[in-house]
Amino acid sequence: MKYLEEAKQIVELVGGEENINSLVHCTTRLRFELKDDGMANKEALNKLKYVLQVVISGGQYQVVIGPAVNDYYNAILEVAHIGKKEAKAENTSEKKVGLADRVMKVISGAFSPLIPVLAGAGMLKALLTVILEFGLLPSDAPTYLILSAAGNAAFYFLPIFLGITLAKQFGGNAYVGGAIGAALLDPNFTGLLGAEGSVDFMGIQVIPIDYASTVFPIFISVIVYSLLE
């Protein structure tokens, strides 16, 4: 496996295997949750030629690697026994994290894995705008509609993707989290938007809105689900 030596260096400079509570990664960063940030050597990490930057934010010790971050992540898992639930549960109380940091950590952890798909969808939508502006395709052309569907899918089905990433964060089943997001987009549910009179669920009033355009309900739903599980 590639980057094993580099992985050993990183683990040593963040304070060693015993100083790591958990590790995740996004598109460019290794995101460590450390017991004690003071044990990490930020200056030495910044001097490594394969480390672009070290950022401490949202209760995480973030080592910016770049596009090869997934390879470094896998290499670290090979050389260090980290990420076990038992160890994480045992050490959670050893480090105090402020409420604002916790909120930012949840938001960051939910959206970071989705950055590639959102960026790709955004670029595709921008390309379609250019195509329309220059009259290369009419808006009702099959090619345009297919490309438009590909660009819109990531945003329309965002509650499903967020359900998966949030469930992973809170220790729930990722597929159940995705199913909760999918339920908000089901035609039977969205069909209530045009219903006359009040809508209720077991006597509880439901406000029929388009949940494809908001992320707040899926955050609350998955957090409640994960706590119940």
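**Note on the predicted model: salt bridges, sheet pairing and helix packing**

1. The structure is a predicted model, and the distances and areas given here should be read accordingly.

2. Glu-5 forms a salt bridge with Lys-8, the closest N and O atoms being 3.7 Å apart. These residues are three places apart in helix α1, so that about one helical turn separates them. An α-helix has 3.6 residues a turn, so residues three or four places apart point the same way. At 53% relative accessibility Glu-5 counts as exposed, the cut-off being over 50%, whereas Lys-8, at 45%, counts as partly exposed.

3. By the rule applied, the count comes to three salt bridges. One of them is formed by Lys-2 with Asp-71, whose closest N and O atoms are 3.7 Å apart. This pair links distant parts of the chain, since Lys-2 belongs to the segment before α1 and Asp-71 to helix α3, 69 residues apart. Asp-71 is partly exposed, its relative accessible area being 31%.

4. Helix α1 (residues 4–13) also has a covered side to consider: Ala-7, Ile-10, Val-11 and Leu-13 are buried. The buried residues of this helix pack against the strands β1 and β2, and also against the helices α2 (42–47) and α3 (69–79). Just after α1, Gly-15 takes a positive phi of about 110°.

5. Strand β2 (residues 29–34) pairs with two strands named here. Five bridges join β2 to strand β1 (residues 20–25), and the two run antiparallel; they form a hairpin with three residues between them. Within this pairing, Leu-23 stands opposite Phe-32 in β2. Four bridges join β2 to strand β4 (residues 60–64), again in an antiparallel arrangement, and here Leu-30 stands opposite Val-63 in β4. Strand β2 is mostly covered, five of its six residues being buried.

6. For helix α8 (residues 158–169), the geometry can be checked against a simple expectation. At 1.5 Å a residue, its 12 residues should span 16 Å, and the end C-alpha atoms are 16 Å apart, which agrees. The expected span is 1.5 Å times one less than the number of residues. After α8 comes Gly-171, whose phi is positive, near 80°.

7. The buried residues of α8 are Leu-158, Pro-159, Leu-162, Gly-163, Thr-165, Leu-166 and Ala-167. What covers these buried residues includes the helices α5 (99–111), α6 (115–133), α7 (142–156), α9 (174–183) and α11 (216–228).

8. Helix α5, which is among the elements that cover the buried residues of α8, also holds Val-103. This residue counts as partly exposed because its relative accessibility is 42%. Together with Leu-99, Met-104 and Ile-107, Val-103 makes a nonpolar surface patch of about 390 Å².

9. Leu-137 is found in the loop between α6 and α7, and with a relative accessible area of 25% this residue is partly exposed. When residues up to four places away in sequence are not counted, Leu-137 touches Ile-131, Leu-132, Thr-143 and Tyr-144.

10. Of the 229 residues, 34% count as buried. Among contacts with a separation of 6 or more, residues 24 or more positions apart account for 65%. The accessible surface comes to about 13,600 Å², of which 61% belongs to carbon and sulfur atoms.

Notes:
Residues are numbered from 1 along each chain as its sequence is written. This is a predicted model: local features need pLDDT of at least 70, side-chain atom pairs count only at pLDDT 80 or more; totals for chains, interfaces and linings use all residues. Side-chain values use heavy atoms; hydrogens and water are left out. Buried means under 20% relative accessible area, exposed over 50%, partly exposed in between (1.4 Å probe, protein chains only). Contact means heavy atoms within 4.5 Å. Patches are made of residues with over 30% relative accessible area and no salt bridge: like charges are joined within 9 Å, nonpolar side chains (Val, Leu, Ile, Met, Phe, Trp, Tyr) within 5 Å. Accessible areas come from the Shrake-Rupley method with a 1.4 Å probe; for residues, only the protein chains shown count as cover. A salt bridge is a side-chain nitrogen of Lys or Arg within 4 Å of a carboxyl oxygen of Asp or Glu. Two strands pair if DSSP finds at least two bridges between them.
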